[in-house]
Number of protein chains: 2
Amino acid sequence: MNISEFAKHLNLSTGTVSRALNNRAEVSPETRQMILAKAEELGYSRDATARRLKTGKNRLIRLECLENSEVLSDFYLVELARAVEHAAHASGYDLLLRLSSQRRNQLDSQPVDGLIILYAPVMTEHDYQILTNNGSTSVVVISEPGFQNVPHASYIHIDIMPGVQEAFSYLASLGHKRIAYISSGSPGRSVREALPKLCGDAGLDSQDVVVVDAGIAVEDGYRAAMQVLQMPDRPTALFARTDVLAAGAIKAAYRLGLSVPKDVSIIGHDNIDACALIYPSLTTVAIDFPEAGALATKTVLGMIDDNCEPSVVTLSTHLIVRESTGPCPK
Amino acid sequence: MNISEFAKHLNLSTGTVSRALNNRAEVSPETRQMILAKAEELGYSRDATARRLKTGKNRLIRLECLENSEVLSDFYLVELARAVEHAAHASGYDLLLRLSSQRRNQLDSQPVDGLIILYAPVMTEHDYQILTNNGSTSVVVISEPGFQNVPHASYIHIDIMPGVQEAFSYLASLGHKRIAYISSGSPGRSVREALPKLCGDAGLDSQDVVVVDAGIAVEDGYRAAMQVLQMPDRPTALFARTDVLAAGAIKAAYRLGLSVPKDVSIIGHDNIDACALIYPSLTTVAIDFPEAGALATKTVLGMIDDNCEPSVVTLSTHLIVRESTGPCPK
DNA sequence: CTGTTAGCGCTTTCAC
DNA sequence: GTGAAAGCGCTAACAG
């Protein structure tokens, strides 16, 4: 049933029905009530497509998780998506999901009002024009600070440094001196570069801190830890860029007959839900993914509905101490 | 730019342009080439909303993950969603995601061509009419066998019994006799009911198998295992309905100073990605979520595009032996 | 092979 | 406070 059929049933014009359904003021309260009741009764609902065509508003945002980051992980996607979906639906927006970087047919791209991109690739002004349908789509990027790579976009920057600093200081407070940092590809550089300051503030000698590069898989963390834990003067604490790498490190420790945290302390990063599965429960630097998702959604909806200017918000991280860390062994 | 502006640029009619863009036969190859090239050059792309309104095809499917199941877990959602998204995009469909069961405004429901529902709730014919827009939306349900609760829907039934049988037989072959099954709410009943047969086929005495009910969280598995492992004649093997519960069971074993698998063997279920984080690597009954997702998508697209009749496909499971299981201790 | 045009279902301006 | 009608951008039927 379309609006004219429905209106005919009520002996009203499509205009009145439309106004009532849109909560316009110019329609009398009784008429509106009657229309609403009848709609419910007859099961009439407006065609969203036609509304979109007419109004130019899609009430649609897309969450885009590109596969080009060395820290992007399936493990926190649901947490993020849940927050985005919740916030979007609460504002009457529906959520499209794109997980793969498959080349899509530009000729047929689904028009959306807003775009939330996780770790956006570097983008030229021209790419941006295509992506945003000539600027008519608002975009917010969730990334680490410094990734200001999409023109006119808002950013939710997740600054991991506060949590990382906390972690180093915490390890220092436990008496650890020799520490290995297991990084995860290029984004790890920020920690590597900040190491002198990080160590200084923690009261550590940066000479005692070794940085090893790993990939993103558990096995990468396992291998990195295996290597580092078999060094002559092995570190007493391992700090990994992701919880996944930390899980690998724990496996390596076990394999070498080391006890965690008695022989070696291990700290992860991200506080993914799957942390709960690990034994011993993992001390980790927590990223608040639900907050990031909710904030990203709020930001993009603000740009869409209230014409907010692009903004940059930086989210912090903090250490959560659980059972995988302990005093430095003698 | 819309199609008439674009057509004007080329000194062609909108009809010709439309036909070219739709790969219709009646347009000359050169014209089509030229149109395609110009579209690329001028950055013209068709408005999907207008196409939808005209054609009645949304090229949209929705993945709906309702929060009403005791086995539904965030841990395999991404795997499933990835498969669905991949298959959908490959066929030119976009994917809407609904994770929460928030009451949505029926007056404004987003029209989709197809619906993939994970663990659908029981549904009356009337619910179905609303859900499917009077039957114009195809639906496929992913669930355990026996959940035929949506009228006219296709089903991807995941029959866990083959894998469960394998697991019991495998434990029997390792010499285990006293086994605890940690179930996860109501769906666990199927295993409880099948226990006599399961044990018979495995050569076990069902008297020796205890079933404990747990919830869905790691802590639930922990508590259940704690209880069971402190029984006078404690089981030598634990089999949990989900990997999450199994992870909890492993934690309990460790806490009690038991070694896995030397003192107690532990088997999980689902083979979620997060299994990789657990030590020792978890022997588990694998559900092929990517296959389920891909098949669900293929099925719903078949119903949409090729008018396929609703079908019921049953997917099986199988045991993956890793390191959390070993011979029964003396 | 190409051009012209009606109309998908809605919102919104303009009359009344 | 309500009705009539234009038109969003496209596709498809029809005409040539």
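**Close-up views of a predicted model**

View 1. Helix α7 of chain B, made of residues 161-173, lies across β6, β8, β9 (265-270), β10 (283-286) and β12 of chain B, and its direction is at about 50 degrees to β12(B).

**View 2. The strands of the sheet in chain B follow a set order.** The sheet is open and has 6 strands, which stand in the order β7-β6-β8-β9-β10-β12 with mixed pairing. Strands β7 (209-214) and β12 (318-320) of chain B are at the edges, where each has a single partner strand, so one side of each is left without a neighbour in the sheet. From one strand to the next, the twist averages 20 degrees. Within this sheet, strand β6 (residues 179-184) of chain B pairs with strand β8 (residues 237-240) of chain B in the parallel sense, over 4 bridges, and B:Tyr181 stands opposite B:Phe239 in β8(B).

**View 3. Helices α2 and α3 of chain A pack against each other.** Helix α2 (residues 14-21) and helix α3 (residues 29-42) of chain A pack at an angle of about 90 degrees, and their axes are 9 Å apart. Because angles from 65 to 115 degrees count as roughly perpendicular, α2(A) is described as roughly perpendicular to α3(A). On the α2(A) side the contact involves A:Thr16, A:Val17, A:Ala20 and A:Leu21, which meet A:Thr31, A:Arg32, A:Ile35 and A:Leu36 in α3(A). Sorted by class, this contact of α2(A) with α3(A) has 5 nonpolar, 2 polar and 1 charged residues.

**View 4. Chains A and B are related by a rotation.** Chain B is superposed on chain A, with an RMSD of 0.3 Å, by a rotation of 180 degrees with 0.1 Å of shift along its axis. The two copies are thus related as by a two-fold rotation axis. In chain B, the C-alpha nearest this axis belongs to B:Leu96 and is 2.2 Å from the axis.

**View 5. Chain B touches chain A.** The contact takes 48 residues from chain B and 49 residues from chain A. On the side of chain B that touches chain A, the elements giving two or more residues are α4, α5 (77-90), β2 (94-98) and α10 (243-255) of chain B, and the largest share, 7 residues, comes from α5(B). By class, this side of chain B has 26 nonpolar, 11 polar and 11 charged residues. Of the interface residues of chain B, 98% are also interface residues in chain A, so the copies meet through the same surface.

**View 6. Residues of both chains surround DNA strand C.** In this view 26 residues surround DNA strand C, and the closest are A:Asn2, A:Ile3, A:Gly15, B:Ser13 and B:Gly15. The elements that give two or more residues to this surface are α2 and α4 (48-55) of chain A, together with α2 (14-21) and α4 (48-55) of chain B. The residues of the surface divide into 7 nonpolar, 12 polar and 7 charged.

**View 7. Residues of both chains surround DNA strand D.** Around DNA strand D there are 25 residues, and the closest are A:Ser13, A:Gly15, B:Asn2, B:Ile3 and B:Ala50. At least two residues of this surface are supplied by each of α2 and α4 of chain A and α2 and α4 of chain B, with the largest share, 5 residues, coming from α4(B). The surface near DNA strand D has 7 nonpolar, 12 polar and 6 charged residues.

Methods: Residues are numbered from 1 along each chain as its sequence is written. Chains are lettered from A and ligands numbered from 1 in the order in which they are written. This is a predicted model: local features need pLDDT of at least 70, side-chain atom pairs count only at pLDDT 80 or more; totals for chains, interfaces and linings use all residues. Axes are lines fitted to C-alpha atoms, for helices over the stretch in contact, and angles run from 0 to 180 degrees between N-to-C directions. Angles under 35 degrees count as roughly parallel, over 145 as roughly antiparallel, 65 to 115 as roughly perpendicular and the rest as oblique. Two residues are in contact if their C-beta atoms, placed from the backbone, lie within 7 Å. Ala, Val, Leu, Ile, Met, Phe, Trp, Tyr, Cys and Pro count as nonpolar, Asp, Glu, Lys and Arg as charged, and the others, Gly among them, as polar. Copies are superposed by least squares on the C-alpha atoms of residues with pLDDT of at least 70 in both. A residue is near a molecule or strand if its C-beta atom, placed from the backbone, lies within 6 Å of it. Two strands pair if DSSP finds at least two bridges between them.
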